[in-house]
Amino acid sequence: EGLRELNLPDDLEYIGSGVFQRCNGLISITIPEKVSTMYSGCFWGCTKLKSVEFKNRTPVNIHGDSFLYVNMESCALIVPDGCKEIYEGTQVYNYFCNIFEKSSYDYSKMRPGFTLGGLRYFAISDNEVRLQDGKSLSPSDKVEIPSTIIYNGKDYTVTKIGITAFSFVNIKELTIPNTIKVIESGAFDYCSHITELTIPESVEIIDDEAFAFKRSAKTLNLG
């Protein structure tokens, strides 16, 4: 709880599984250039993180749940100058809603998401959104994710279900539209009430531990 800022040694080469798990006071992390691998859950549940800076110009090999239960909308990812496009092109780093190059980092310029119908979204392009969070939904037998939404007069297609988007949500059945291409890590973590889920053919990527149902699901339909 007392650890707020983490500056790791320059000669560090990897970060072990779960080593900083639930460091709830941690606000900022700097990952040294020599780190090549970050193992499962190393920063799991660091809920107050505001920034993660990587010194390596090549994206570090990280497990999909390394930053599980970090608020990806309010935590900035900071990368070396000239490397933003490389990091944006790597799936796990796309969990972060706001990616800055070092020289242009300004927390006040963080782009926010928006809420419609109890679901939180984040615009990932001019016409696509990620379903960022469904945790404010009321308990329900059935929830249907929309394929498209309108916000501020603009049409968006819902193409991703974000990291931990429906974790711990009390629903029994969820309809996923055929516009979804990516289901991120932990999207349905601890969904202990889900009994049926259909994955449409449109889905191209399912990340690590996306469906941690804890044995509740009786039917999982693929395609």
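Let's start in helix H1, where Glu 88 and Lys 84 sit 4 residues apart, about one helical turn. Their side chains meet in a salt bridge, with N and O 3.9 Å from each other. By salt bridge I mean a side-chain nitrogen of Lys or Arg within 4 Å of a carboxyl oxygen of Asp or Glu. Helices (H or I, at least four residues) and strands (E, at least two) are DSSP runs, numbered from the N terminus.

Before we go on, this is a predicted model: local features need pLDDT of at least 70 and side-chain atom pairs count only at pLDDT 80 or more, while totals for chains, interfaces and linings use all residues. Residues are numbered from 1 along each chain as its sequence is written, and side-chain values use heavy atoms, with hydrogens and water left out.

Buried or exposed? Both are in between: Glu 88 is partly exposed at 35% relative accessible area, and Lys 84 is partly exposed at 30%. The scale is buried under 20%, exposed over 50% and partly exposed in between, with a 1.4 Å probe and protein chains only.

How many salt bridges are there in the whole structure? The search finds 6. One of them joins Glu 184 to Arg 130, with the closest N and O atoms 3.3 Å apart. That pair links distant parts of the chain, 54 residues apart: Glu 184 is in the loop between strands S16 and S17, and Arg 130 is in strand S11. Glu 184 and Arg 130 are both buried. Elsewhere, salt bridges with shared partners join Glu 53, Lys 55 and Lys 102 into one network. Within it, Glu 53 and Lys 55 bring their closest N and O atoms to 3.4 Å. Glu 53 is buried, at 10% relative accessible area, whereas Lys 55 is partly exposed, at 40%.

Glu 53 takes us to its strand, S5, residues 51-54. In a regular strand, side chains alternate between the two faces of the sheet. Here both faces of S5 are covered: Ser 51 and Glu 53 on one side, and Val 52 and Phe 54 on the other, are all buried. And which strands does S5 pair with? Strand S3 (28-31) pairs with S5 in the parallel sense over 4 bridges, and S5 pairs with strand S7 (76-79), again parallel, over 3 bridges. Two strands count as paired if DSSP finds at least two bridges between them. For some landmarks, Thr 30 has Glu 53 as its bridge partner in S5, and Ser 51 has Ala 76 as its partner in S7.

There is also an open sheet of 3 strands, ordered S2-S4-S6 with parallel pairing. S2 (14-15) and S6 (61-62) stand at the edges with a single partner strand each, so one side of each is left without a neighbour in the sheet. S2 and S4 (37-38) run parallel, joined by 2 bridges, and Tyr 14 has Thr 37 as its bridge partner.

For an antiparallel case, look at S13 (148-151) and S14 (154-161), joined by 4 bridges. Tyr 151 is opposite Lys 154. In this hairpin, with 2 residues between the strands, Asn 152 takes a positive phi near 50°.

A quick stop at Arg 4, in the segment before strand S1. At 51% relative accessibility, Arg 4 counts as exposed. Beyond residues up to four places away in sequence, Arg 4 touches Gly 25, Leu 26, Ile 27 and Ser 28; contact here is heavy atoms within 4.5 Å.

Last, the pockets. Each is an open set of points on a 1 Å grid over the protein atoms alone, where a 1.4 Å probe fits, with protein on both sides within 12 Å along at least five of seven lines; lining residues have an atom within 4 Å of a point. Volume is the space filled by probe spheres set on the points, which are joined across faces, edges and corners.

The largest pocket holds about 310 Å³. Of its 16 lining residues, Glu 88, Phe 96, Cys 97, Ile 99 and Arg 111 lie nearest the centre. Helix H1, strand S8 and strand S10 each give two or more residues to that lining, and S8 gives the largest share, 4 residues.

The second largest pocket has about 260 Å³. Its lining includes Tyr 69, Met 72, Arg 120 and Lys 135. Thanks, everyone!
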